Amino acid sequence: MKAYLTRRYMISASHRLHSDELSPEQNNEIFGKCNNPHGHGHNYMIEVTVSGQVDARTGMVCNLMDLDRVVGKEIVERYDHQNLNLLPEFERNVPTTENLCIAVYDILERGIRFAHLDKVRIEETMMNSFEYAG
Amino acid sequence: MGTVYLTRKAEFAASHYYHSPELSAEENLRLFGKCNNPNGHGHNYTLEVTVKGAVDATSGFVVDLKQLKEIMNREVLEAMDHRFLNKEVPEFETLIPTTENIAIAAWRRLEPKLKAAQLHRVRVYETPDLFVDFYGEA
Ligand SMILES: [Zn+2]
């Protein structure tokens, strides 16, 4: 029997939305307040959904301790209390939450061996959320 | 007219513990950690039931919410609210009451009772940061 399990993790990080390929005026026009050179921050809620058959013996799609270990090590440790613009994955890509979603998905897709990664959903604020499913 | 989805929430509080009789005491502890404590521990669960169907031309409803609420109360909440799941809910005499198995049990209890609309999804939150979705046996 296939079920989907979702776990939420919170990280706090700062970012600045800016593209070197655009002029200061264009950056300001596209990114508005988010272009502030000093950056600003969010509490990001990262929702990780995995799916698979419910194991008849354990009653689980996957062991939560395994999921927490991988997401803790690969995602929370990497992004929590960091300036996203300084990380290699955002050297060329603007650290929008869309791009953060894709980066988190790509890392977890490689890291999660015990279930199928179904999707990553990130709430940037209570009003905005983004989803990526590969 | 197209399909419309309607979701109704309910809350219940219950205790449980995780233990597999097929495993040794050490394996149970390693696999289930704190959840293996045989005296149990509890959660405030949220049950979210989503049904789907066409909107009835006369009533404007997908389903009569009052009926849906009654079915959820009768089939799931009366059995699970303020219960020790392992000891008081028949499904969990043989199955471990994980969030996965609670969602499957709720689906199996609700699905045959829903006449007007079709059950689409059962979601069970164990905490605000952990939930399971079940869409049926297929
Ligand atoms: Zn528990």
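Colleague: Which residues does E123(A) touch, leaving aside those up to four places away in sequence?

Modeller: In this predicted model, E123(A) touches R8(A), N43(A), Y44(A), M45(A), E47(A), N128(A) and S129(A), with residues up to four places away in sequence not counted. E123(A) itself is found in strand β4 of chain A, residues 116-123.

Colleague: Why is E123(A) called buried?

Modeller: The relative accessibility of E123(A) is 17%, and buried means under 20%, so E123(A) counts as buried.

Colleague: What makes the approach of E123(A) to R8(A) a polar contact?

Modeller: The two side chains come to 3.1 Å, and the cut-off for a pair of N or O atoms is within 3.5 Å, so the pair counts as a polar contact.

Colleague: How do you know that R121(A) forms a salt bridge with E123(A)?

Modeller: The closest N and O atoms of R121(A) and E123(A) are 3.0 Å apart, and the limit is within 4 Å, so the pair is a salt bridge. R121(A) is buried, as is E123(A).

Colleague: Which residues are linked with these two in a network of salt bridges?

Modeller: The network links R8(A), E47(A), R121(A), E123(A) and D129(B).

Colleague: What makes the pair of R8(A) and D129(B) one that joins two chains?

Modeller: Their side chains meet in a salt bridge at 3.4 Å, N to O. R8(A) lies in strand β1 of chain A, whereas D129(B) lies in the loop between β4 and β5 of chain B, so the pair joins two chains.

Colleague: How many residues of each chain are in contact?

Modeller: 23 residues of chain B are in contact with 20 residues of chain A.

Colleague: Why is the pair of D68(A) and R7(A) said to tie together parts that are 61 residues apart in sequence?

Modeller: The side chains of D68(A) and R7(A) meet in a salt bridge at 2.8 Å, N to O. D68(A) lies in helix α2 (residues 64-79) of chain A and R7(A) in strand β1 (residues 2-15) of chain A, so the pair ties together parts that are 61 residues apart in sequence. D68(A), at 26% relative accessibility, counts as partly exposed, whereas R7(A), at 17%, counts as buried.

Colleague: What makes H16(B), H41(B) and H43(B) donors of the zinc ion?

Modeller: The NE2 atoms of H16(B), H41(B) and H43(B) coordinate the zinc ion at 2.0 Å, and the limit for a donor here is within 2.8 Å, so these atoms count as donors. Along the chain the donors follow the spacing H-x24-H-x1-H. H16(B) lies in strand β1 of chain B and H43(B) in strand β2 of chain B, so the pair ties together parts that are 27 residues apart in sequence.

Colleague: Why are β1(B) and β2(B) called paired strands?

Modeller: The two strands are joined over 14 bridges in the antiparallel sense, and at least two bridges are required, so β1(B) and β2(B) count as paired.

Key
Residues numbered from 1 in each chain as written. Chains lettered and ligands numbered in written order. Predicted model: local features only at pLDDT ≥ 70, side-chain atom pairs only at ≥ 80, totals over all residues. Heavy atoms only, no water. Donors = N, O, S within 2.8 Å, 3.2 Å for Na, K, Ca; no water. Helix = DSSP H or I, 4+ residues; strand = E, 2+ residues; numbered from the N terminus. Contact = heavy atoms within 4.5 Å. Buried < 20%, exposed > 50% of the residue type's maximum accessible area, 1.4 Å probe, protein only. Polar contact = N/O pair within 3.5 Å; in protein donor to acceptor, adjacent residues only side chain to side chain.
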